[in-house]
Structure formats: C-alpha cells, structure tokens
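Please look over the sequence and the model, then read the points below.

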Amino acid sequence: MGEHPSPGPAVAGCAEAERIEELEPEAEERLPAAPEDHWKVLFDKFDPGNTGYISTDKFRSLLESHSSKLDPRKKEVLLALADSHADGQICYQDFVNLVAFFLYNGVSLDQFVLQVTHPHYLKNSLVYHPQLRAQAWRYLTYIFMHAGIEHLGLNVVLQLLVGVPLEMVHGATRIGLVYMAGVVAGSLAVSVADMTAPVVGSSGGVYALISAHLANVVMNWSGMKCQFKLLRMAVALICMSMEFGRAVWLRFHPSAYPPCPHPSFVAHLGGVAVGITLGVVVLRNYEQRLQDQSLWWIFVAMYTIFVLFAVFWNIFAYTLLDLKLPPPP
C-alpha cells in the first residue's frame, strides 16, 4: 500500500529515449571500438519501437555518416549483405555482424589491408617501407599483406595450382626453401632497384615456385608424362601475366595521395631470378641430395653474394645517393 506505482510505458519510453539521446554522441564517437552493449544502443537509436529490426534505408544512412572513413567497395558489400534477405529489414544480430566486422576492422584499427588507395595502408607493421628498412622482419612479413582482393586472389590461385602439387612431389622442405628464398630476394631487389617504393604481397615466393616449375617442364618436356601439362602451363602463364601487368600498372599509376606511393613490382622479378637458378636445381631431381649437385653450390654462392650486396646497399647507398624517400607511415 505504501509502494510507489511503477511508471507507465510512455514515461519509461521517454526516459529510455532520453538516455539513448544522452549516449548518442559518445556511441557514435566510439562506434568502431565499441563493445556489444554500445552496438545495442546504436541499434535502438534506429529502432525506437523495439521491434528487433531496422530498415535497410536506416542502415544506409549509418553508412553514409561514415562514408569518408569507409572504402567505397566495402560500403557496397555492406549494403548488398544488408539486403541479402530482400525484405528491407535487418535484425540485431545481422547488424552486429556487419558493423562490427567491417567498421571495426576497416575504420578503428586502420588495417587497410586491401585498400592501397588509402594513405593509412602503410601504417601496418608488416609492410616493407623504405623508411623502415632497418626493421628486418619487414623483408619477410610483407607477404601477408596484399594490394587488393584481386592481388590476393591471383596469388592464392597460383599457389594452389602450382605450389600444392610441387609440395606433394618434392616435400615441404624443398618447396619452402625456394619460396622463402624468393620472398627475401624480392624485397631485397626492391630495396636495390626501386628504392622509393614499399612492398606488399607474396608474389616473390609465388613467382619463384612457378618460374622454377615452368623451367623444369620446358627442360624435360619430352620425358614428362603429365597430363594437361600444356594447359597447366598456359593457365599459370596467363595468371602470372595478369598479376604482373596489374602490378606494373599500379606502380606507375598516379597515386590518389601523392605522399603515399604504390607498391613495387620488382619483387616479382626477384622471385623469377631465384626460380630459374636455385629453384631449377632444387626441383630438377628430387631423388638426388642437393649437396651432391655442383650447380646447387654455385647458385647458393650467387644468392649469398646478392644478399650481402643488398644488405650493404641498404646501409650505405640510401645516404650516399641522397634520395627523396616517401614520408614514414
């Protein structure tokens, strides 16, 4: 009898609306890094009736408010996924999945892995950058970053088409040796021949494997009994040409952000050089030990000399030539 009556639904709804309105600026500012309860606050802003759904038009307006930070291609993907049910509505769980994955990874963390048109893509600690060449791990880790989904896709196709069959025949040790030698040679070749450019992509290692394989196929053409060898060679060469042509075009294409250079294509050539030297010897006869082949030691010596030359080049040449390097990321 002495208890106070509970507020009616209208009063509670107004109070809830005021609470959301008070949190709205903070929720929008912290949108990319917000935890799940803040996603709910943002969702409720577009769903005042607590129906559990928001319209795709409201979701579009949310994307428009962050269009300056979001890559246009990702924005189109988001809109397509949002309307995948073709009913014009998005439930809360779909909203969280879409916004948390794309906005959090694409806006807050500055991980522009597939956005080389954005100046922040060089901020990643894996990319090789001429200003950060003293960080030795970058000569290897650049292979984990790619200049666009098409760059990544072609490299994956080439590795599946050539790398997997080679590993099944020659073993992971030999194939890994050729691959990593191509990766290191690729980044070092860029630091010597294209000194102002960054490097991304696993093309150095991929091209080392493919060039070694194609060279062996040509040298042993008459004795090979592999079916569809001509078709496999044609597909590999077409994919290589497409990927290399795209890399050359991208390197010399004017950058949308002039201080932010496009990645170099010289790593591809470094990989090819490794493939037709070390790679040919490694893949020529998988039953013979490498240390019993004189050519193996000759090419190992050549590779070692190149690596040492590139190391000294990186230490002294950049200072002596007084190059104008791009600003550090």
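Accessible areas here come from the Shrake-Rupley method with a 1.4 Å probe, and for residues only the protein chains shown count as cover. By that method, the protein chain has an accessible surface of about 17800 Å², and 65% of this belongs to carbon and sulfur atoms. The model is predicted: local features need pLDDT of at least 70, side-chain atom pairs count only at pLDDT 80 or more, and totals for chains, interfaces and linings use all residues. Residues are numbered from 1 along each chain as its sequence is written, and side-chain values use heavy atoms, with hydrogens and water left out.

**Overall make-up**

- The protein chain holds 12 helices and two strands; helices (H or I, at least four residues) and strands (E, at least two) are DSSP runs, numbered from the N terminus.
- Starting at the N terminus, the order of elements is α-α-β-α-α-β-α-α-α-α-α-α-α-α.
- Of the 329 residues in the protein chain, 43% count as buried; buried means under 20% relative accessible area, exposed over 50%, and partly exposed in between (1.4 Å probe, protein chains only).
- Among contacts between residues at least 6 apart in sequence, 71% join residues at least 24 apart; a contact means heavy atoms within 4.5 Å.

**Confidence**

- The predictor's confidence in each residue is given as pLDDT, from 0 to 100.
- For the protein chain the mean pLDDT is 75, and 67% of the residues reach 70 or more.
- Confidence is lowest in helix α1 (residues 9-29), with a mean of 44, and highest in α8, with a mean of 93.
- Residues 8-35 have pLDDT below 50, and this stretch has 23 contacts in the model beyond near neighbours in sequence.
- Residues 104-115 also have pLDDT below 50, with 31 contacts in the model beyond near neighbours in sequence.
- Where pLDDT is low, the predicted coordinates should not be read in detail.

**Helix α10**

- Helix α10 (residues 229-252) has 24 residues, which at 1.5 Å a residue should span 34 Å; the end C-alpha atoms are 35 Å apart, in agreement. The expected span is 1.5 Å times one less than the number of residues.
- The buried residues of α10 are Lys229, Met233, Ala236, Cys239, Met240, Glu243, Ala247, Leu250 and Arg251.
- Their cover includes α7, α9 (203-219) and α11 (266-284).
- Cys239, in helix α10, counts as buried at 11% relative accessibility.
- Not counting residues up to four places away in sequence, Cys239 touches Val157 and Leu158.
- The C-alpha atoms of Cys239 and Leu154 are 6.8 Å apart in space, while the two residues are 85 residues apart in sequence.

**The salt bridge**

- One salt bridge is found in a search of the whole structure; the term means a side-chain nitrogen of Lys or Arg within 4 Å of a carboxyl oxygen of Asp or Glu.
- The side chains of Arg251 and Asp194 form a salt bridge, at 2.9 Å from N to O.
- Arg251 is in helix α10 and Asp194 in the loop between α8 and α9, so the pair ties together parts 57 residues apart in sequence.
- Arg251 is buried, at 16% relative accessible area, and Asp194 is also buried, at 12%.

- Ser202 sits in the loop between α8 (172-193) and α9, where Ser202 is buried with a relative accessible area of 3%.
- Apart from neighbours within four places in sequence, Ser202 is in contact with Ile143, His146, Asn155, Gln159 and Tyr179.
- Leu177, in helix α8, is partly exposed, with a relative accessible area of 39%.
- Gly270 lies in helix α11 and is buried, at 9% relative accessible area.
- Apart from neighbours within four places in sequence, Gly270 is in contact with Ala185, Gly186 and Ala189.
- Gly270 and Gly182 are 88 residues apart along the chain, and their C-alpha atoms are separated by 6.5 Å.

**A nonpolar surface patch**

- Ile149, Leu152, Val156, Leu160, Val164, Met168 and Val169 form a nonpolar patch on the surface, with about 640 Å² of accessible area together.
- Patches are made of residues with over 30% relative accessible area and no salt bridge, where like charges are joined within 9 Å and nonpolar side chains (Val, Leu, Ile, Met, Phe, Trp, Tyr) within 5 Å.
- Ile149 belongs to helix α7 (residues 149-170) and is exposed, with a relative accessible area of 52%.
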